[in-house]
Amino acid sequence: MNLNFKKIVDELVPTFEIAGEESIDLYKKGLKIEIKEDGSPVSNGDISINNMITQKISYLTPEIPIVSEETVDIKKKNKSSIFWLVDPIDGTKEYISGKDEYTLNAALIIDKKPIIGLVGVPKKKQLFYSYGIDQSYVKQNNTVERINCKKKRERKNIVALSSTNKPSEIIMKKLNEYKVSSFTRVASSYKFCLIADGTFDIYAAKERANEWDYAAGHAIAGNAGAIITTLDNKPFLYGKEDYKNPSLLMLRSKDLND
């Protein structure tokens, strides 16, 4: 299969921008919310954005299967070596409550690794995307900038991201290993983008979420130079039959003091 990764991403960028605007418009009109079997909420915004993103992907790569959070059959084992992972809105609770850290996500997985990634952050008017090593970008206010995990501001301290206000003992122990001075709670895959653009240095998490929650952000941060493994330093791979994530350790660089 001969794929032009850059061309695929270039075609998807406008779709993500339109979908981002649509997510805001639907929120303003008042979301219709249902509770899924697993107890998590889903809105008509999730479904609408899912349709927009997956229809475009299907048009661009009709031969590649799409695994989306909103349509996946968890009971069916994933046997594909090349497939798309889509999470139309990561951080649905944030989205429903009107906060600004929810994201739109799509990633292309080839041989267990995320190659392409797009993460839209509509309320922050940001779109992060990547289509290969050293090819990670952020588009904001019609300006595109390449990002490479370089520390964003001159600072001596090492700052971490967390998915909770009270990280577990295991996670705090790991953060202390890297002499982290503070951590900030950030929702959704936006965490990956904040390491890719050098705002934060480290993110550590126990086993949580599913592959579609991480893959797009992983592609962007990994292609920007971040080091992404499990907590016990094993490769972080995709394409597991049950889609479950292992633990995660994401470092901006080998030397966080650089």
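Biologist: In which sense do strand β10 and β12 pair?

Modeller: Two strands pair if DSSP finds at least two bridges between them. Strand β10 (residues 159-162) and β12 pair in the parallel sense, over two bridges. Ala 160 has Ile 202 of β12 as its bridge partner. Helices (H or I, at least four residues) and strands (E, at least two) are DSSP runs, numbered from the N terminus. This is a predicted model: local features need pLDDT of at least 70, side-chain atom pairs count only at pLDDT 80 or more, and totals for chains, interfaces and linings use all residues. Residues are numbered from 1 along each chain as its sequence is written, and side-chain values use heavy atoms, leaving out hydrogens and water.

Biologist: How many bridges join β12 and strand β14?

Modeller: Four, in the antiparallel sense, with β14 at residues 248-251. Ile 202 stands opposite Leu 251 there.

Biologist: Are the residues of strand β12 buried or exposed?

Modeller: Buried means under 20% relative accessible area, exposed over 50%, partly exposed in between (1.4 Å probe, protein chains only). In β12 (residues 202-205), Ile 202 and Ala 204 point one way, Tyr 203 and Ala 205 the other, and all are buried.

Biologist: Which residues of helix α2 are buried, and why do they line one face?

Modeller: An α-helix has 3.6 residues a turn, so residues three or four places apart point the same way. In α2, the buried residues are Gly 45, Asp 46, Ile 49, Asn 50, Ile 53, Thr 54 and Ile 57. They line one face because, seen down the axis, they fall within an arc of 135° (taken from the directions from the helix axis to the C-beta atoms). On the other side, Gln 55 and Tyr 59 are exposed.
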